[in-house]
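Colleague: Please take a close look at one part of this model, the place where the two chains meet. What makes up that interface, and what can be said about the residues around it?

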Amino acid sequence: MQDEDGLTDAESLRRTVAGDVAAFERLVDRHERVLLRVLRQLTSDEAAAMDALQETLLAAWRGAASFRGDGSARAWLLGIARHSARRQYRRRAGQPGRSESLDTLAEAAGFGADTRLLERLEAREIVNAAFAVLDDEDRAVLLLRDVEGWSGEETAAALGIGLAAMKSRLHRARLRFMAAARSME
Amino acid sequence: MMRERNIAGLRCSDVLEALPDFLEGILPSDRTRRVHEHLAGCDWCERFGGEYAGAVGALRRHILEQAESRPSPADVRARVRSAITGR
């Protein structure tokens with residue numbers, strides 16, 4: 001990604017390593033919105049999201065030299081943000097097991113049942129509540145792939161996993177989201 | 001175990017597994033044709049596929065709308081600037 005002056009993310013990070021604050025701020029300008037959208041969803045409240053954003057930006061400034069120029073800078077930033085969010089967020093108790101079969105998840109999500117899930121998903125409060133009960137791994141993959149529309153490869157890089165593992169996690173996260181929405185009164 | 005039908009040489013669980021790539025349009029063409037044939041003959045999969053795609057759309061719409069209405073973090077940016085410039 002680059003801004004209107006043609007300054008690319010990779011060049012911004014090279015200049016950041018050399019201590020160029022303006023280049024770093026332009027990089028942040030390009031990616032702040034997505035970082036904040038994700039952090040707001042991965043943390044428990046606004047204050048925690050702001051703390052995580054600050055921690056992310058400072059870690060990016062200090063760690064700019066660790067960016068590998070052949071990758072996506074926003075995936076690299078998101079990786080840092082997820083670590084920051086994890087420090088602000090304690091995984092909720094009582095989450096469904098990670099080893100459920102696809103069949104079991106699909107039944108919970110309404111396969112074969114005569115439900116009206118889409119009508120329920122018209123209500124923002126149901127969507128928010130269903131999303132909120134997911135754990136941070138499920139929320140992260142849904143946010144990057146489905147909400148932000150990142151490619152599979154970039155999402156996998158941001159999550160630090162392979163493409164096949166990301167696709168499997170995404171499918172299960174979508175089914176858990178549907179199951180949670182069905183269960184909301 | 002999930003109730004299953006076998007239509008067009010695919011079980012419902014096969015369709016379920018293929019659903020993300022099918023909706024994204026990246027399933028191989030022969031597999032895509034068979035999923036279409038299965039969906040045409042299976043109301044369970046046809047309805048569930050529609051709900052699955054609709055759920056993804058609803059999630060995107062609501063989360064993005066919500067994000068647009070939130071303020072930007074000017075205070076955070078000022079604190080970061082101060083920390084890295086030492087001023």
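Modeller: In this predicted model, 45 residues of chain B are in contact with 52 residues of chain A. Between them, chain B and chain A bury about 4,300 Å², and 61% of that area is on carbon and sulfur atoms.

The charged and polar pairs come next. Seven salt bridges are counted between chain B and chain A. One of the salt bridges joins the side chains of Glu24(B) and Arg145(A), with an N to O distance of 2.6 Å. Polar contacts across the interface of chain B and chain A number 17 residue pairs, with both residues at pLDDT 80 or more.

On the side of chain B that touches chain A, the elements giving two or more residues are helix 1 (12–24), helix 3 (43–68) and helix 4 (74–85) of chain B. Helix 3 of chain B gives the most to that side, with 21 residues. By residue class, the side of chain B that touches chain A divides into 24 nonpolar, seven polar and 14 charged residues.

On chain A, Glu148(A) deserves a separate look. Glu148(A) sits in the loop between helix 8 (136–147) and helix 9 (152–159) of chain A. Because its relative accessible area is 16%, Glu148(A) counts as buried, the cut-off being under 20%. Leaving aside residues up to four places away in sequence, Glu148(A) touches Val34(A), Arg37(A) and Leu143(A), as well as Arg60(B). With Arg37(A), the side chain of Glu148(A) makes a polar contact of 2.5 Å.

The cysteines of chain B are a further point to check. Cys12(B) is accordingly in no disulfide, and the nearest cysteine sulfur, that of Cys45(B), is 3.7 Å away. Cys12(B) counts as buried because its relative accessibility is 0%. For Cys42(B), the closest cysteine sulfur is also in Cys45(B), at 3.8 Å. A disulfide requires the two sulfur atoms to be within 2.5 Å, so the sulfur of Cys42(B) is too far from that of Cys45(B) for a bond. Cys42(B) is buried too, with a relative accessible area of 1%.

Conventions: Residues are numbered from 1 along each chain as its sequence is written. Chains are lettered from A and ligands numbered from 1 in the order in which they are written. This is a predicted model: local features need pLDDT of at least 70, side-chain atom pairs count only at pLDDT 80 or more; totals for chains, interfaces and linings use all residues. Side-chain values use heavy atoms; hydrogens and water are left out. Buried means under 20% relative accessible area, exposed over 50%, partly exposed in between (1.4 Å probe, protein chains only). Contact means heavy atoms within 4.5 Å. Buried area is the accessible area (1.4 Å probe) that two parts lose on being put together, summed over both. A salt bridge is a side-chain nitrogen of Lys or Arg within 4 Å of a carboxyl oxygen of Asp or Glu. A polar contact is a pair of N or O atoms within 3.5 Å; within protein, one must be able to donate a hydrogen and the other to accept it, and residues adjacent in sequence count only if both atoms are side-chain atoms. Helices (H or I, at least four residues) and strands (E, at least two) are DSSP runs, numbered from the N terminus. Ala, Val, Leu, Ile, Met, Phe, Trp, Tyr, Cys and Pro count as nonpolar, Asp, Glu, Lys and Arg as charged, and the others, Gly among them, as polar.
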